[in-house]
Amino acid sequence: MNKPSIPKGTRDFSPLEMSKRNYIFDTIRSVFALYGFKQIETPAMETLQTLLGKYGEEGDKLLFKVLNSGDYLSKIHREELVNGNPLHLASKLCEKGLRYDLTVPFARFVVMHRDELQLPFKRYQIQPVWRADRPQKGRYREFYQCDADVVGSDSLLNEIELMQIIDTVFTRFGVRVQIKINNRKILTGIAEYINEADKIVPITVAIDKLEKVGLDNVNAELAEDGLSKEAIEKLQPVISLSGSNEEKLDVISNILKDSEIGTKGVEELRYIFGVLDKSNLKNEVQFDLTLARGLNYYTGAIFEVKALDVQIGSITGGGRYDNLTGIFGMPGLSGVGISFGADRIFDVLNALDLYPENAMSGTRLMFINFGEKEMAYCLPIAAKARENGIATEIYPDAAKMKKQMNYANNCNVHYVAIAGENEINENKITLKNMLTGEQRLVDADELVSIVKSGQ
């Protein structure tokens with residue numbers, strides 16, 4: 001018989017792992033709420049009409065499509081099946097797809113619910129997304145995103161607050177990060193500067209890979225995309241800029257002085273860095289010209305976060321999009337957002353062993369089961385413990401004492417409560433601290449007080 005398995009790029013999570021993941025979600029959720037963001041959810045499936053054409057050609061290839069139910073082949077001619085183009089066939093066989101990210105579904109949500117929303121609308125969303133990517137370390141086909149977006153406001157204060165949220169979240173996690181910022185307007189200005197304005201998309205897709213594949217491979221990709229040798233040469237000093245944020249902005253400002261859109265991008269970044277410099281952030285913020293974030297919908301500032309002490313890809317990203325809702329018939333609504341990659345953060349916190357002990361605590365108190373009479377005595381005490389917020393369980397079977405104590409040990413239970421004939425006669429209970437081995441004879445109120453305080 002074949003062993004059961006799960007699809008590549010997906011994972012099971014044990015109770016211990018779920019405790020860790022919930023710590024991540026709860027930390028991020030609490031910081032979002034601290035800045036006035038409100039939670040929404042959208043369906044796992046969206047129509048392909050909603051999803052296609054929003055992520056660029058590469059993104060469209062990575063969409064998981066859902067086969068139509070019922071007799072989905074009835075309208076397909078046999079010749080199409082034999083000779084058909086897979087993408088053309090998919091368009092006829094599939095009307096739905098699993099969401100690729102949370103931003104496009106959010107834009108759809110805003111347009112559908114426009115009359116109910118108070119603008120600017122600050123939303124956060126913590127849900128899984130799916131990408132038909134090649135699985136590798138830190139890259140999964142199913143993973144959670146934790147997004148926060150503001151729509152209906154052009155103010156750069158939103159960008160600044162999102163950087164503060166990133167800084168607060170990773171400070172709470174105890175993870176040292178570098179926050180990288182660029183601006184798509186600057187990238188557009190660079191494309192103009194090298195006289196290849198119509199090739200902004202392949203330019204951004206290529207230079208976004210600089211850190212992964214190196215300069216030579218990026219240049220080869222640019223040549224493949226049809227950039228002239230002169231344009232590629234002109235691009236070299238631009239993408240190899242070094243120095244402080246201010247020095248790099250000064251150099252690029254001079255290079256782009258004849259580009260209106262490039263100059264606007266430089267002004268936006270100067271303002272953002274100027275305010276952040278006075279905001280006492282705990283983590284470094286760096287102007288990185290090679291940061292392009294391949295998604296087509298970004299139009300202004302773009303962000304990416306790298307962990308400094310673990311080799312892994314981007315753990316947070318985002319940016320400004322000026323007209324994402326325009327594709328759904330609601331033009332002119334500007335938005336900006338960030339997305340925390342919860343699965344990569346999970347891997348980072350595991351690698352650095354940064355989970356607090358209380359984040360992984362499960363059952364705190366367990367009652368040993370000696371039989372029906374003893375259980376009748378223990379049940380009201382267990383109920384009292386739960387009323388006081390203590391995670392409590394009763395071993396379900398009157399098994400041997402050693403088996404029950406082994407279970408408590410293996411489940412990292414802090415306290416075991418024992419009530420035999422002697423304890424019942426005295427209206428007491430024996431409480432054992434499983435960490436120290438200390439035992440005490442206590443009444444129900446004392447038991448609750450000791451377990452709550454951890455004495």
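The model is predicted, so local features need pLDDT of at least 70 and side-chain atom pairs count only at pLDDT 80 or more, whereas totals for chains, interfaces and linings use all residues. Residues are numbered from 1 along each chain as its sequence is written, and side-chain values use heavy atoms, with hydrogens and water left out.

**The sheet of 8 strands**

- An open sheet of 8 strands runs in the order β1-β5-β6-β11-β10-β9-β7-β8, with mixed pairing. Helices (H or I, at least four residues) and strands (E, at least two) are DSSP runs, numbered from the N terminus, and two strands pair if DSSP finds at least two bridges between them.
- At the edges of this sheet stand β1 (38–39) and β8 (284–287), each of which pairs on one side only.
- β1 runs parallel to strand β5 (residues 121–130), and 2 bridges join them; Lys-38 has Arg-123 in β5 as its bridge partner.
- Helix α1 packs on the sheet and touches β1, β5, β6 (142–151) and β11 (335–341), with its direction making about 5° with that of β6. Contact here means heavy atoms within 4.5 Å; axes are lines fitted to C-alpha atoms, for helices over the stretch in contact, and angles run from 0 to 180 degrees between N-to-C directions.

**The sheet of 3 strands**

- Another open sheet has 3 strands in the order β2-β4-β3, paired antiparallel. β2 (45–47) and β3 (65–67) are its edges, each with a single partner strand, so one side of each is left without a neighbour in the sheet.
- On average, neighbouring strands of this sheet are turned by 45° against each other, direction ignored.
- Between β2 and strand β4 (residues 94–98) there are 3 bridges in the antiparallel sense, and Met-45 has Leu-98 in β4 as its bridge partner.

**Asn-245 and its contacts**

- Leaving aside residues up to four places away in sequence, Asn-245 touches Phe-273, Val-285, Gln-286 and Phe-287.

- Strand β15 (residues 429–433) and strand β16 (residues 439–442) pair in the antiparallel sense over 4 bridges, and Lys-432 has Gln-439 in β16 as its bridge partner.
- The two strands form a hairpin with 5 residues between them, and Gly-437 in the turn has a positive phi of about 85°.
- A search of the whole structure finds 1 cavity of 30 Å³ or more; the largest cavity has a volume of about 50 Å³. On a 1 Å grid over the protein atoms alone, a cavity is a set of points where a 1.4 Å probe fits but cannot get out, while a pocket is an open set with protein on both sides within 12 Å along at least five of seven lines; lining residues have an atom within 4 Å of a point. Grid points are joined across faces, edges and corners, and a volume is the space filled by probe spheres set on the points.
- The residues lining the largest cavity include Tyr-415, Leu-431, Lys-432 and Arg-440, and β15 gives the most, with 3 residues.

**The second largest pocket**

- The second largest pocket holds about 460 Å³ of space. Its lining has 17 residues, and the closest to its centre are Met-360, Ser-361, Gly-362, Cys-411 and Asn-412.
- α1 (15–34) and α17 (401–410) each supply at least two lining residues, and α1 gives the most, with 3 residues.

**Backbone details**

- Most residues other than glycine have a negative phi, and most peptide bonds are trans.
- The peptide bond from Leu-119 to Pro-120 is cis, with omega near -5°; Pro-120 sits in the loop between α6 (103–112) and β5.
- Asn-280, in the loop between α14 (260–276) and β8, has a positive phi near 55°.
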